[in-house]
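The tour goes from one selection to the next.

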Amino acid sequence: MKNIVVLVSGSGTNLQRIIDTIENGEIRDAEISLVVADRECYGLERAKNQHIEHLLIPRGRNFSSELGRVIPENTDLIVLAGFLSILKPEFCEKWNGKIINIHPALLPKFGGKGMWGHHVHHAVIEAGEKESGATVHFVTSGIDEGEAILQKSFTVTQDDTPETLAEKVHLIEYEIFPKAINKVLNNVSI
Ligand code: GRF
């Protein structure tokens, strides 16, 4: 059985999808051993409702070192599922190859500092992009720079707004995140 730690900052719909796809076997042989939030958020409530061990480490300078203290050594994968803090380079190096993130755009476009949530969708509309999508990638000390694991796109239409893009991106995320997690954890091809 593989152990996953999930980090959240928001509503946690991706966390819920991970919980559900572990349960239905889409993600094989895995369990969530811990959910950590960096702020009060509904993601934490979801963990509580599912009786998954969870804790809040307030965001700030000491977040990465405190996280390092609570993460079980036998953790196979750390999954950032709508997590907004930047992890320290030492943390990323220690867990190199075992941390993944989901980003709401087609990296390497629309990534880096300040590119999160609605900022990304606004930027995509402003740039007149014909496509957007989501990317699951490894986390390194360079923000949104780690190798992509899985990416899927959709067509941006004239009527799209940042809000409709967010909805469309979420649907893509629910599809590719479990696949990417299963791929990394169980070494399966997609
Ligand atoms: C997702 O769009 C993810 O790509 C971004 O934050 C959002 C989190 O949504 N990093 P949720 O909390 O999983 O609903």
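Which backbone oxygen lies 2.7 Å from a polar atom of the side chain of threonine 21? Select threonine 21 and arginine 17 to see the pair: the oxygen belongs to the backbone of arginine 17. This is a polar contact (a pair of N or O atoms within 3.5 Å; within protein, one must be able to donate a hydrogen and the other to accept it, and residues adjacent in sequence count only if both atoms are side-chain atoms).

Before moving on, note that this is a predicted model, where local features need pLDDT of at least 70, side-chain atom pairs count only at pLDDT 80 or more, and totals for chains, interfaces and linings use all residues. Residues are numbered from 1 along each chain as its sequence is written, and side-chain values use heavy atoms, with hydrogens and water left out.

Stay on threonine 21, which lies in helix 1. Helices (H or I, at least four residues) and strands (E, at least two) are DSSP runs, numbered from the N terminus. Threonine 21 has a relative accessible area of 0% and is therefore buried (under 20% relative accessible area; exposed is over 50%, partly exposed in between, with a 1.4 Å probe and protein chains only).

Next, select the ligand. Among the residues that surround it are Gly10, Gly12, Asn14, Gly82 and Pro104. Helix 1 (13-23), strand 5 (99-103) and helix 6 (162-186) each supply at least two residues of this shell.

Now show side chains around the ligand. What lies 2.3 Å from an oxygen atom of the ligand? It is a polar side-chain atom of glutamate 173. Serine 11 has a side-chain N or O atom 2.8 Å from a ligand oxygen, and for histidine 170 the corresponding distance is 3.0 Å. Taken alone, the ligand exposes 370 Å², and the protein buries 85% of that (Shrake-Rupley method, 1.4 Å probe).

Move to proline 108, in the loop between strand 5 and helix 5 (117-126). A cis peptide bond joins leucine 107 to proline 108, with omega about 10°.

Two loop residues end the tour. Select histidine 51, between helix 2 (42-49) and strand 3 (54-56). Its phi is near 60°, a positive value in a residue other than glycine. Is histidine 51 buried or exposed? Histidine 51 counts as exposed because its relative accessibility is 76%.

Then select aspartate 144, in the loop between strand 6 (131-138) and strand 7 (148-155). Aspartate 144 is not a glycine, yet has a positive phi of about 60°. Its relative accessibility is 15%, so aspartate 144 counts as buried.

Technical notes:
A residue is near a molecule or strand if one of its heavy atoms lies within 4 Å of it.
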